[in-house]
Amino acid sequence: KVLRNGRQPPSELMLRCTILDSEGVVKTISGQFKKPDLCIEHRLNPRDLRKIDSRIPNLVPTILARKEAILVNVLHIRALVKADAVILFDTYGSPDTRLQSMFLYHLEHNLKTKGGLPYEFRALESILVSVLSALEAEMVFLRNLIGGLLAELEDDIDRDKFKRLLHYSRRLGAFQNRAKLVQESIEEVLEQDEDLAAMYLSDKKAEKARAMNDHEELEVLLESFAKQVEEIVNEAETISGNVQSTQEIVELILDANRNALLALDLKVSIGTMGIGIGALAAGLFGMNLTSHLEEVPYAFASISAAALLVSTIVTWGGLRRLAKIRKVALSTNGSRNKSRPWISLPLRRRGPESE
Amino acid sequence: KVLRNGRQPPSELMLRCTILDSEGVVKTISGQFKKPDLCIEHRLNPRDLRKIDSRIPNLVPTILARKEAILVNVLHIRALVKADAVILFDTYGSPDTRLQSMFLYHLEHNLKTKGGLPYEFRALESILVSVLSALEAEMVFLRNLIGGLLAELEDDIDRDKFKRLLHYSRRLGAFQNRAKLVQESIEEVLEQDEDLAAMYLSDKKAEKARAMNDHEELEVLLESFAKQVEEIVNEAETISGNVQSTQEIVELILDANRNALLALDLKVSIGTMGIGIGALAAGLFGMNLTSHLEEVPYAFASISAAALLVSTIVTWGGLRRLAKIRKVALSTNGSRNKSRPWISLPLRRRGPESE
Amino acid sequence: KVLRNGRQPPSELMLRCTILDSEGVVKTISGQFKKPDLCIEHRLNPRDLRKIDSRIPNLVPTILARKEAILVNVLHIRALVKADAVILFDTYGSPDTRLQSMFLYHLEHNLKTKGGLPYEFRALESILVSVLSALEAEMVFLRNLIGGLLAELEDDIDRDKFKRLLHYSRRLGAFQNRAKLVQESIEEVLEQDEDLAAMYLSDKKAEKARAMNDHEELEVLLESFAKQVEEIVNEAETISGNVQSTQEIVELILDANRNALLALDLKVSIGTMGIGIGALAAGLFGMNLTSHLEEVPYAFASISAAALLVSTIVTWGGLRRLAKIRKVALSTNGSRNKSRPWISLPLRRRGPESE
Amino acid sequence: KVLRNGRQPPSELMLRCTILDSEGVVKTISGQFKKPDLCIEHRLNPRDLRKIDSRIPNLVPTILARKEAILVNVLHIRALVKADAVILFDTYGSPDTRLQSMFLYHLEHNLKTKGGLPYEFRALESILVSVLSALEAEMVFLRNLIGGLLAELEDDIDRDKFKRLLHYSRRLGAFQNRAKLVQESIEEVLEQDEDLAAMYLSDKKAEKARAMNDHEELEVLLESFAKQVEEIVNEAETISGNVQSTQEIVELILDANRNALLALDLKVSIGTMGIGIGALAAGLFGMNLTSHLEEVPYAFASISAAALLVSTIVTWGGLRRLAKIRKVALSTNGSRNKSRPWISLPLRRRGPESE
Amino acid sequence: KVLRNGRQPPSELMLRCTILDSEGVVKTISGQFKKPDLCIEHRLNPRDLRKIDSRIPNLVPTILARKEAILVNVLHIRALVKADAVILFDTYGSPDTRLQSMFLYHLEHNLKTKGGLPYEFRALESILVSVLSALEAEMVFLRNLIGGLLAELEDDIDRDKFKRLLHYSRRLGAFQNRAKLVQESIEEVLEQDEDLAAMYLSDKKAEKARAMNDHEELEVLLESFAKQVEEIVNEAETISGNVQSTQEIVELILDANRNALLALDLKVSIGTMGIGIGALAAGLFGMNLTSHLEEVPYAFASISAAALLVSTIVTWGGLRRLAKIRKVALSTNGSRNKSRPWISLPLRRRGPESE
């Protein structure tokens with residue numbers, strides 16, 4: 001993939017794209033263009049094309065100012081915004097055509113509505129609105145998914161829920177990563193005065209002179225989107241924090257539950273041991289040996305009673321011991337005093353030294 | 001929600017707000033205004049209105065300087081501070097009317113007290129005082145809640161407490177997030193000399209010339225609030241650290257308790273096995289087979305005694321072995337030596353190389 | 001507490017303070033002063049008084065340069081240093097009068113020793129020396145406390161030690177926080193050339209002109225203290241790291257111990273099952289049914305032997321199986337090979353593409 | 001190793017290297033050169049040679065601008081790029097000759113293709129392409145390895161998989177470290193305008209004057225590679241996050257499984273205790289004592305039935321108790337109310353103070 | 001310790017040091033000097049002496065430029081480098097005299113070799129070489145120690161190894177801290193142009209004028225050492241990461257092992273219960289009650305067979321149930337589908353709003 005940069009086989013030399021003209025009308029739908037032609041026509045560096053070649057997944061999002069164009073590669077959108085045209089590169093295998101058609105619809109409308117922002121910023125606005133919709137939609141989806149699972153855990157802790165939690169955690173992690181990268185890509189642009197100035201394509205084309213720092217319009221536009229992406233990143237972090245603290249507490253609860261099970265097990269074991277002692281007594285008298293009690297009238301009743309009594313005493317003793325061990329608390333007699341003043345070392349002894 | 005930016009249905013075009021005039025007198029209570037009218041009247045960007053539209057929850061707090069106004073959106077307060085008026089936007093569904101009325105009362109009073117700070121800074125001060133009260137009140141509330149729970153854990157560790165701990169942890173996390181964002185919003189203003197200068201609305205209106213760096217008055221005001229919010233953030237972190245270390249130790253205690261339960265279980269099991277051996281002996285002599293001891297005079301007593309003896313020996317042996325395993329300590333004979341000097345590799349061998 | 005800023009009830013209008021004159025002689029001890037008077041006399045902002053009002057706990061430490069004074073609020077010291085006087089504000093409820101009297105003694109002595117640093121820096125030096133003593137004393141105290149506990153854990157791991165560990169961890173956390181804030185407060189001053197220059201109060205009073213960057217004397221003084229506080233922060237972090245790694249290892253040891261207990265339990269259970277099989281055999285022959293072996297001469301001995309043999313075989317088989325399961329190691333046959341070279345994908349296949 | 005800097009034994013004075021001339025033709029293959037000669041010929045500092053001496057492993061990657069050369073030491077490549085030659089230092093013990101020959105092939109080809117970038121940047125490009133290939137290949141390899149293991153864990157959790165997970169985690173950690181250092185080394189160059197300017201070796205040689213900030217060509221080249229390395233670092237972090245969350249969930253699942261095993265154990269124990277009670281009853285009637293029921297007709301049936309009934313009742317009672325304990329959920333009656341409004345402390349009481 | 005700064009008792013007024021003259025010849029060995037004399041002679045601030053007083057342990061390493069000297073305090077070396085002399089302060093209680101003598105030998109040799117770097121930088125070079133040797137030696141030592149332990153854990157996981165792991169972890173943590181502080185101390189110098197310029201002591205003494213930014217020689221020297229310390233810090237972090245991941249996996253393995261032990265325990269318990277049921281049957285027929293089967297011919301065989309059959313059935317049933325519970329996997333039928341596309345919320349419904 002990396003080595004592909006320099007020279008590609010012919011089949012890779014084509015890119016499919018949709019072009020909107022200066023009136024916002026779609027001129028070409030998924031037309032095929034040769035990469036070298038695109039470079040020459042839009043005065044791009046061949047290296048730049050990698051960023052809009054949709055066959056390469058997992059790209060870090062970027063918004064780049066070039067000589068005659070803004071190169072946008074954020075989430076599902078790979079576009080080339082010029083002063084009088086917008087070129088959208090097809091994202092192969094994109095499963096969400098609805099998102100794409102929504103975006104195209106909004107873009108067309110926005111480009112037609114002249115007045116206000118210049119052409120290239122209206123295109124940028126539509127792109128950012130679509131990116132924000134996509135992020136927000138996924139965030140809402142994940143919030144519901146995970147919120148629902150955490151609510152189910154309120155009712156019942158079981159293994160299958162953990163498995164689902166793992167799958168959701170991974171998705172949330174991937175989403176957080178993606179959202180942060182989008183935020184960074186916008187902020188990267190905002191930090192560079194040169195890039196901001198270079199994005200006034202209409203003025204550049206009209207050869208209007210601009211002061212280097214005069215780009216408040218664009219700054220306010222980008223800042224507004226950056227804040228909204230930050231809100232999404234923030235909420236994703238809150239969800240992630242909730243998942244984390246739930247996991248920690250669930251572990252404590254499982255631990256406490258295990259102790260409770262062990263304690264019950266112990267009770268049963270103690271009972272079994274008690275019974276065993278009774279049975280041993282009975283067994284001894286069941287031996288075919290002469291105990292001389294064979295014919296004693298109340299021997300059966302009294303030995304039986306004695307065996308049961310021993311059983312009961314042993315059981316009761318064991319349970320008392322268990323009760324002692326089970327009492328788990330954080331405080332001990334000694335350490336429960338109120339926190340002492342924060343300094344308590346004798347400083348006077350150091351006095352003479354300071355003289 | 002995102003797409004709403006551009007064009008809204010008519011029902012969303014109205015905002016409810018309360019207006020105080022330059023004397024601090026409430027002129028309008030919850031009056032309805034059209035968004036476009038507000039933009040024109042106060043020379044705002046339509047995009048700015050999103051920040052004060054209280055129907056959008058979870059906004060990142062911001063304090064923004066605009067041409068003729070300061071736009072404040074922090075926690076429960078969404079306001080537009082001008083040189084001679086304060087416009088408070090109603091927060092729908094705010095459950096805490098007491099907090100709101102307290103704020104209004106303080107604001108009115110502060111605006112009436114002329115002298116000292118200019119009008120817009122007195123308004124800002126009241127807003128920040130209210131925000132600080134709200135943060136502090138919640139922090140105190142959470143501190144008591146969690147402090148109480150941790151104190152209860154001192155007395156008794158059980159599952160229900162963990163569940164409450166989870167709920168409190170989540171709330172604390174959300175609070176920490178909120179407080180940090182408030183702090184960041186204030187510090188963001190402090191870092192930008194331009195924004196600070198732009199906030200002297202009265203001077204701007206009076207067309208008084210100001211040096212770019214001359215904003216000590218405002219800086220001291222904001223820094224003072226920033227420090228106080230930092231104190232709250234700090235305390236929340238301390239609470240959070242306490243929760244964390246308590247969780248860790250509780251887990252260790254549950255683990256140690258489990259080992260204690262297991263050890264008792266083992267004692268019972270060993271006892272049961274000992275009894276079982278006695279019972280086996282008795283059982284063998286209980287078989288309907290001729291052991292030739294049937295009529296031996298003291299056979300019953302001696303076999304019984306032997307069975308009980310074997311029981312006792314086996315039990316005692318088992319308990320000794322258990323005692324050996326239970327002794328858990330960190331030190332072993334070898335590794336308990338004092339820490340050796342921090343360097344011990346022979347360096348002399350390297351000598352010739354350095355020649 | 002927050003709302004108290006603006007207007008206080010009369011009882012809160014007074015502050016108690018101790019004043020030293022330009023010769024280092026104590027002029028007033030715990031005299032009462034009205035807040036407004038203090039503001040006017042020392043040209044302070046009313047908001048500044050909050051920082052030296054000792055009734056407010058948990059303040060973030062600050063060292064602030066004001067028009068005619070340096071405002072110090074670090075740990076137990078709240079002071080106003082002027083070009084010819086030092087005003088110490090009483091800290092109510094401070095339990096450590098020894099620390100305070102030590103400080104006063106050092107301060108008096110240092111102020112009297114003329115020559116070298118100017119008056120205000122000698123005062124600042126005494127304050128920082130006292131702060132450093134306090135931090136160091138507490139650090140030594142905590143190091144001994146925690147070191148002792150960790151040494152005890154070397155000998156014996158039990159629940160009570162965990163409880164103490166929790167209490168010490170909390171104290172250590174609070175101390176680390178406090179020390180870091182002190183460090184930050186000093187470094188904050190060092191970063192601001194303006195503040196450093198503004199602290200040359202004697203020169204300001206004498207109306208000596210100073211270059212903005214000429215403050216090496218003060219910088220060296222503050223840097224030296226900053227380094228020493230850094231050393232303390234560093235050591236506290238080391239202690240905290242030790243506590244952390246001890247907790248982790250203790251958990252592993254408890255886990256391993258639990259496995260050892262379980263294994264012994266299993267041995268006992270296996271023994272019990274073996275005995276049970278013997279007992280079953282004996283029980284069957286103890287039934288009041290005709291087995292036709294009743295009178296066979298060596299039946300008793302052979303059946304007994306058979307029963308005991310079966311017991312032994314079953315027990316031995318169980319113990320062997322247990323031994324297999326217990327062997328816990330990290331390596332498996334397959335994965336124990338030495339780490340392979342860090343790249344092993346065939347790259348030659350990619351060759352043609354790079355053409 | 002460290003002391004070796006100053007003076008080396010003669011055998012260490014030689015370096016093996018491959019040289020390409022200005023036409024991209026290999027002039028010398030693995031020729032031996034004396035270190036001092038290299039220093040003089042290429043005007044290098046003797047200290048610089050350490051960075052390209054391939055006998056020292058684990059070097060932090062660096063790209064350094066020197067008077068007449070660019071010194072590159074990244075992963076498997078140690079090279080000296082000049083305005084008209086490239087000197088590649090042999091990496092001893094490099095196991096991957098394929099990677100090396102691929103690199104040499106690409107480099108030769110790229111150097112021959114004149115036009116476009118200057119000679120030294122074409123060499124740099126080939127080096128970075130090779131580094132990127134190597135990183136990507138390893139990342140893909142690790143992703144498959146770990147992805148496969150995590151997929152296996154989906155099917156079956158066992159100990160051997162954990163052992164493999166440990167080995168893969170370590171490799172992933174080492175890879176992440178390596179990739180980050182490569183990224184840092186590129187970004188370090190990008191941050192320094194001087195270094196960027198100093199890398200225009202051809203212009204320097206031709207004594208063409210250059211503006212200090214005129215290095216867009218090189219910046220775009222390096223930035224492009226930096227972004228691609230960032231993508232790899234990003235993906236490695238995602239994999240690492242997946243491993244982490246899988247570990248956490250696996251631990252929860254093992255915990256939950258243990259509780260399930262314990263619960264089954266308890267059922268068995270309860271059953272055994274129930275049986276034991278029946279056996280005790282039977283044992284008592286099996287004693288060789290006169291119970292006076294010996295000849296009662298239905299005594300056998302009724303006592304047997306009674307014993308079995310007691311067994312059943314005890315077992316059933318125990319199982320009910322177990323069922324109660326097993327029910328583990330996060331919610332309790334009390335704490336399941338919806339989250340309360342985020343502030344609930346009475347603020348009105350504070351009212352008068354704010355007056 | 002802190003208060004000692006101002007005035008010391010006479011016994012603390014002396015420092016022992018070794019002096020090398022401008023030819024690299026040792027003039028004085030461990031001579032005693034008065035602190036005030038040292039201050040005056042070398043134009044030092046009394047506060048500076050604290051940094052070279054070797055009786056104070058745990059100092060944060062520093063390299064400081066003073067008027068006529070460079071003050072070095074890094075690890076085992078505390079030295080004062082002047083334009084024509086080097087003063088080494090004795091480190092009391094240093095256990096590693098070999099390291100010290102190695103250093104002295106290297107220093108003497110380096111000072112004698114005139115040419116190349118100026119006197120003071122040759123001294124600095126020797127100091128940094130010695131520091132680097134010490135760090136590297138300790139790192140190699142720790143790597144072997146910990147590597148060996150981790151390799152032992154491959155073969156066998158037991159408690160004693162954990163205890164050793166704890167001790168090694170603590171040492172590694174302390175080493176990491178130390179190495180990072182050394183790195184920071186070098187980088188602190190590199191960041192300050194003033195300090196770098198001030199270190200050209202020979203030029204200062206010769207009153208040669210120097211440009212403020214002309215210190216490439218020193219920068220290259222320090223940068224080279226900084227990189228090498230960074231390599232060590234890096235490797236220590238890798239080791240620490242390995243320890244961490246090993247701990248995590250060992251915990252998982254212990255958990256899995258515990259589950260395996262529990263499962264075997266369960267098998268034994270189930271077997272015991274099965275035997276118990278057989279024994280109960282036998283016991284019932286062993287009662288001294290009339291079952292009317294006493295003389296039935298095959299009663300013994302058939303009842304025995306029945307008892308054993310019941311035993312077997314119960315055991316088999318229990319084991320089947322256990323097998324079901326033991327199967328632990330991450331996947332459930334539902335959640336194992338391939339990951340869905342990353343966005344799946346219907347966006348079309350939002351369409352009209354965007355109009």
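In this predicted model, A:D255 and B:R258 reach across from one chain to the other and form a salt bridge, with 3.5 Å between the closest N and O atoms. Between chain A and chain B, the count comes to 2 salt bridges.

Which elements of chain A give two or more residues to the side that touches chain B? They are the helices α3 (97–112), α4 (119–155), α8 (216–285) and α9 (299–326) of chain A. Of these, α8(A) gives the most, with 37 residues. Seen from both partners, 64 residues of chain A are in contact with 70 residues of chain B. Together the two chains bury about 6000 Å² between them, and 61% of that area lies on carbon and sulfur atoms.

The arrangement of these two chains can also be described by a rotation. Chain A is superposed on chain B by turning it through 72 degrees, with 0.1 Å of shift along the axis, and the RMSD is 0.1 Å. The two copies are therefore related as by a five-fold rotation axis. Which residue of chain A comes closest to this axis? That residue is A:G286, whose C-alpha lies at 4.6 Å from the rotation axis.

Aromatic rings provide another kind of pairing, and 10 aromatic pairs are counted over all chains. A pair of this kind is described by how far apart the ring centres are and by the angle between the ring planes. For A:F121 and A:Y200, the centres are 4.8 Å apart and the planes stand at 80 degrees, so the pair is edge-to-face. This pair links distant parts of the chain: A:F121 belongs to helix α4 of chain A, whereas A:Y200 sits in the loop between α6 (193–198) and α7 (201–205) of chain A, 79 residues apart.

Salt bridges can be followed through the whole structure as well, where 75 are found over all chains. One of them joins the side chains of D:K227 and D:E230, with a distance of 3.5 Å from N to O. Where in chain D do D:K227 and D:E230 lie? Both are in helix α8 (residues 216–285) of chain D, 3 residues apart, or about one turn of the helix.

Technical notes. Residues are numbered from 1 along each chain as its sequence is written. Chains are lettered from A and ligands numbered from 1 in the order in which they are written. Side-chain values use heavy atoms; hydrogens and water are left out. Contact means heavy atoms within 4.5 Å. Buried area is the accessible area (1.4 Å probe) that two parts lose on being put together, summed over both. A salt bridge is a side-chain nitrogen of Lys or Arg within 4 Å of a carboxyl oxygen of Asp or Glu. Helices (H or I, at least four residues) and strands (E, at least two) are DSSP runs, numbered from the N terminus. Copies are superposed by least squares on the C-alpha atoms of residues with pLDDT of at least 70 in both. Rings of Phe, Tyr and Trp (its six-membered ring) pair if their centres lie within 6.5 Å; planes under 30 degrees apart count as stacked, over 60 as edge-to-face and the rest as tilted.
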